[in-house]
Amino acid sequence: MKKVNISVVICQYNPTLKKTKRTLESVLCQKEVSYEIIVSDDGSTDNLFESIKHILKKHEFENYNLVESDCNTGTVKNCLRALEKVNGEYVYFLSQGDMLYDENVLHDMLNYIEIENVDNIFGNAVDYHFNSLGEVVVEGMYPNLLYPPFFSSNSNKKTLYVSMRNFIVGTSLLRKTISAKKYINMVADCSKYVEDNTSLLLGLLYGSEIRYYDRNVVWYEYGGGVSTTTNVFWQQELQKDFKQTVKKIKKLFPKDRIVDELYCYYMDKGLYRSIRLWLGHPFLQLYRFYFMFKYRNYMRKKTYDKNKIIKLVER
């Protein structure tokens with residue numbers, strides 16, 4: 001396959017045709033940027049590859065690769081199989097059901113990451129879901145980030161990201177391929193399903209740079225995947241991934257106070273955890289409360305164009 005600017009990787013497991021089509025259509029309409037599409041399946045009962053080929057053929061799009069697996073191995077290894085096939089300098093991960101916000105997302109993100117010359121950039125993720133009538137319901141901006149512009153400066157991103165638990169939506173990220181490969185590989189022995197924030201955390205601790213791009217970049221299907229599910233089993237599995245990753249990071253950075261604070265948060269429990277956090281890291285606790293109070297409504301002020309997602313869904 002030819003060299004491209006961006007490799008769009010769609011990781012899937014037991015996909016539905018409707019969701020897969022929506023995701024693909026949002027990529028296939030991208031303008032003024034060279035890209036490839038890699039669909040990596042994690043041992044689904046039906047990987048829909050024939051249907052995917054049909055959609056791509058309809059758009060006369062040939063720069064793609066379909067990656068199969070004989071068994072289900074988890075999201076992290078699925079991503080790594082896809083990364084073995086990428087030809088782009090940058091990689092953008094999507095899950096089935098998620099859609100690029102508009103037709104200029106990849107072009108604009110490519111320009112921004114090249115201007116900033118960093119390993120990672122992220123934009124705004126707009127939550128949506130379908131109600132019982134099949135109508136699109138837009139919830140607004142993904143709420144986890146307290147104050148994304150903090151990542152636009154040379155401030156202590158490690159403190160904000162780690163201590164604030166300021167986790168970033170994986171499908172809002174554009175990453176240098178070489179960096180994504182390096183750090184996702186490093187968490188493969190401790191994380192099975194969480195490939196984005198575990199590898200970002202590790203990269204940040206090793207000095208990998210990240211910037212916030214103040215632009216809506218993805219329609220994020222909230223509740224559609226394991227990351228936002230209310231299913232107790234999946235919540236426990238994700239928590240397990242974070243705990244195992246934090247254990248590994250603690251061994252790698254035993255004297256880092258930020259890492260120690262994170263270790264207390266994930267590994268201690270109840271009242272003992274609260275005491276340890278406040279006695280061991282009082283400044284960081286005050287810092288968190290300050291940000292929670294000052295910027296709690298920041299993302300709620302962001303706007304979006306609902307007509308864009310309606311057009312994508314109706315394609």
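Colleague: Where does Glu 25 lie?

Modeller: Glu 25 lies in helix H1, and the model it is taken from is a predicted one.

Colleague: Why does Glu 25 count as buried?

Modeller: The relative accessibility of Glu 25 is 5%. Buried means under 20%, so Glu 25 counts as buried.

Colleague: Which other residues of H1 are buried?

Modeller: Besides Glu 25, the buried residues of H1 are Thr 20, Arg 22, Thr 23, Leu 24, Ser 26, Val 27 and Leu 28.

Colleague: What is Glu 25 in contact with, leaving aside its neighbours within four places in sequence?

Modeller: With those neighbours left out, Glu 25 is in contact with Ile 55, His 59 and Arg 315. Leu 100 is 75 residues from Glu 25 in sequence, and the two C-alpha atoms are 9.1 Å apart in space.

Colleague: On to the loops. What stands out about phi of Asn 14?

Modeller: Phi of Asn 14 is near 50 degrees, which is a positive value in a residue other than glycine. Most residues other than glycine have a negative phi. Asn 14 is found in the loop between strand E1 and H1. Glu 60 also has a positive phi, of about 55 degrees, and is not a glycine; this residue is found in the loop between helix H2 and strand E3.

Colleague: What makes Asn 14 partly exposed, and what makes Glu 60 exposed?

Modeller: Asn 14 has a relative accessible area of 35%. That value falls between the limits of 20% and 50%, so the term is partly exposed. Glu 60 has 73%. Exposed means over 50%, so Glu 60 is exposed.

Colleague: Why is Asp 268 counted as buried?

Modeller: The relative accessibility of Asp 268 is 12%, and the limit for buried is under 20%, so Asp 268 counts as buried. Asp 268 is found in the loop between helix H9 and H10. Not counting residues up to four places away in sequence, Asp 268 touches Tyr 263, Arg 273 and Arg 276.

Colleague: What makes H10 roughly perpendicular to H11?

Modeller: The axes of H10 (residues 270-280) and H11 (residues 282-294) come within 5 Å and cross at roughly 100 degrees. Angles of 65 to 115 degrees count as roughly perpendicular, so the term applies to this pair. H10 makes the contact with Leu 277, Trp 278, Leu 279 and Gly 280, and H11 with Pro 282, Gln 285, Leu 286 and Phe 289. By class, six of the contact residues are nonpolar, two are polar and none is charged.

Colleague: And how do you know how H6 lies relative to H7?

Modeller: Helix H6 (residues 177-187) packs against helix H7 (residues 196-205) at an angle of about 110 degrees, with the axes 8 Å apart. The range for roughly perpendicular is 65 to 115 degrees, so H6 is roughly perpendicular to H7. Tyr 183, Ile 184, Met 186 and Val 187 of H6 meet Thr 198, Ser 199, Leu 202 and Gly 203 of H7. The residues of this contact divide into five nonpolar, three polar and no charged.

Colleague: What makes Ala 125 buried?

Modeller: Ala 125, in strand E6, has a relative accessibility of 5%. Buried means under 20%, so Ala 125 counts as buried. Ala 125 and Val 218 are 93 residues apart in sequence, yet their C-alpha atoms are 5.0 Å apart in space. Leaving aside neighbours within four places in sequence, Ala 125 is in contact with several residues, including Gly 140, Tyr 142, Val 169, Val 218 and Tyr 220.

Colleague: Why is a set of residues called a nonpolar core?

Modeller: The term is used because its members are buried Ala, Val, Leu, Ile, Met, Phe, Trp, Tyr and Cys residues joined through side-chain atoms within 4.5 Å. The largest nonpolar core has 48 residues, of which Ile 6, Tyr 35, Ile 37, Tyr 92 and Trp 219 touch the most other members. Helix H4 gives the largest share of this core, six residues. Apart from it lies another core, of 17 residues, with Phe 167, Cys 190, Leu 202 and Val 246 among them.

Colleague: How many of the 315 residues are buried, as a percentage?

Modeller: Buried residues make up 56% of the 315 residues in the protein chain.

Technical notes:
Residues numbered from 1 in each chain as written. Predicted model: local features only at pLDDT ≥ 70, side-chain atom pairs only at ≥ 80, totals over all residues. Heavy atoms only, no water. Buried < 20%, exposed > 50% of the residue type's maximum accessible area, 1.4 Å probe, protein only. Helix = DSSP H or I, 4+ residues; strand = E, 2+ residues; numbered from the N terminus. Contact = heavy atoms within 4.5 Å. Axes fitted to C-alpha atoms, helices over the stretch in contact; angles between N-to-C directions. Parallel < 35°, antiparallel > 145°, perpendicular 65-115°, else oblique. Nonpolar A, V, L, I, M, F, W, Y, C, P; charged D, E, K, R; others polar.
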